[in-house]
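Please walk me through this protein structure.

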Amino acid sequence: MKEPVIYDTRNEAWRVRFTEEHAMIDLADGRILGVPLDFFPLLKAATDEERQNYQLHGLTIYWEDIDDGMDLTALVSGLYIEPSEEYLESLKEIIAQRYAAPT
């Protein structure tokens, strides 16, 4: 029996679309990965324009405007580290500052 092989290029992102609650990532092999925006607070708080300004780098997607990204290997495998409460609190501050109404 052959050993299973992971073909990274099958998991590469081709484009990203958004619903109100999800980032929908079209993968090279035709699969569509739906990721809750709640997993990415900066992306959830981003404007439509900021969300559309992404760069595809093989198995990662990066949004320069918000300095945040997704690792597709972690998303497909489910292997990722839960963020600390301290980190989540710092994200809330960043989001509040970034999107505060000008005075």
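This is a predicted model: local features need pLDDT of at least 70, side-chain atom pairs count only at pLDDT 80 or more; totals for chains, interfaces and linings use all residues.

Residues are numbered from 1 along each chain as its sequence is written, and side-chain values use heavy atoms, with hydrogens and water left out.

The C-alpha trace of the protein chain spans about 65 × 30 × 20 Å along its principal axes. Of its 103 residues, 26% count as buried; buried means under 20% relative accessible area, exposed means over 50%, and partly exposed lies in between (1.4 Å probe, protein chains only). Among contacts (heavy atoms within 4.5 Å) with a separation of 6 or more, 40% are between residues 24 or more positions apart.

The structure holds 6 salt bridges, a salt bridge being a side-chain nitrogen of Lys or Arg within 4 Å of a carboxyl oxygen of Asp or Glu. Two of these pairs involve Asp26, a residue of strand β2 (residues 22-27). Is Asp26 buried or exposed? Asp26 counts as buried, because its relative accessibility is 12%. One partner is Arg15, whose side chain meets that of Asp26 in a salt bridge of 2.4 Å, N to O. This pair links distant parts of the chain, with Arg15 in strand β1 and Asp26 in strand β2, 11 residues apart. The other partner is Arg17, at 2.7 Å, N to O. Arg15 is partly exposed, with a relative accessible area of 42%, and Arg17 is partly exposed too, at 29% relative accessibility. Leaving aside residues up to four places away in sequence, Asp26 touches Glu12, Ala13, Trp14, Arg15, Arg17, Arg31 and Ile32.

Another salt bridge joins the side chains of Arg10 and Asp29 (3.5 Å, N to O). Arg10 lies in the segment before β1 (13-18) and Asp29 in the loop between β2 and β3 (32-36), so the pair ties together parts that are 19 residues apart in sequence. Arg10 has a relative accessible area of 46% and is partly exposed; Asp29, with 29%, is also partly exposed. Together with Arg31, Arg10 and Asp29 are linked in a network of salt bridges.

The largest pocket has a volume of about 460 Å³. On a 1 Å grid over the protein atoms alone, a pocket is an open set of points where a 1.4 Å probe fits, with protein on both sides within 12 Å along at least five of seven lines, and lining residues have an atom within 4 Å of a point. The volume is the space filled by probe spheres set on the points, which are joined across faces, edges and corners. Which residues lie nearest the centre of the largest pocket? Of the 18 residues in its lining, these are Phe39, Phe40, Tyr80, Ile81 and Pro83. At least two lining residues come from each of α1 (41-45), β6 (68-71), α3 (72-77) and α4 (85-98), and β6 gives the most, with 4 residues. By class, the lining has 13 nonpolar, 1 polar and 4 charged residues; Ala, Val, Leu, Ile, Met, Phe, Trp, Tyr, Cys and Pro count as nonpolar, Asp, Glu, Lys and Arg as charged, and the others, Gly among them, as polar.
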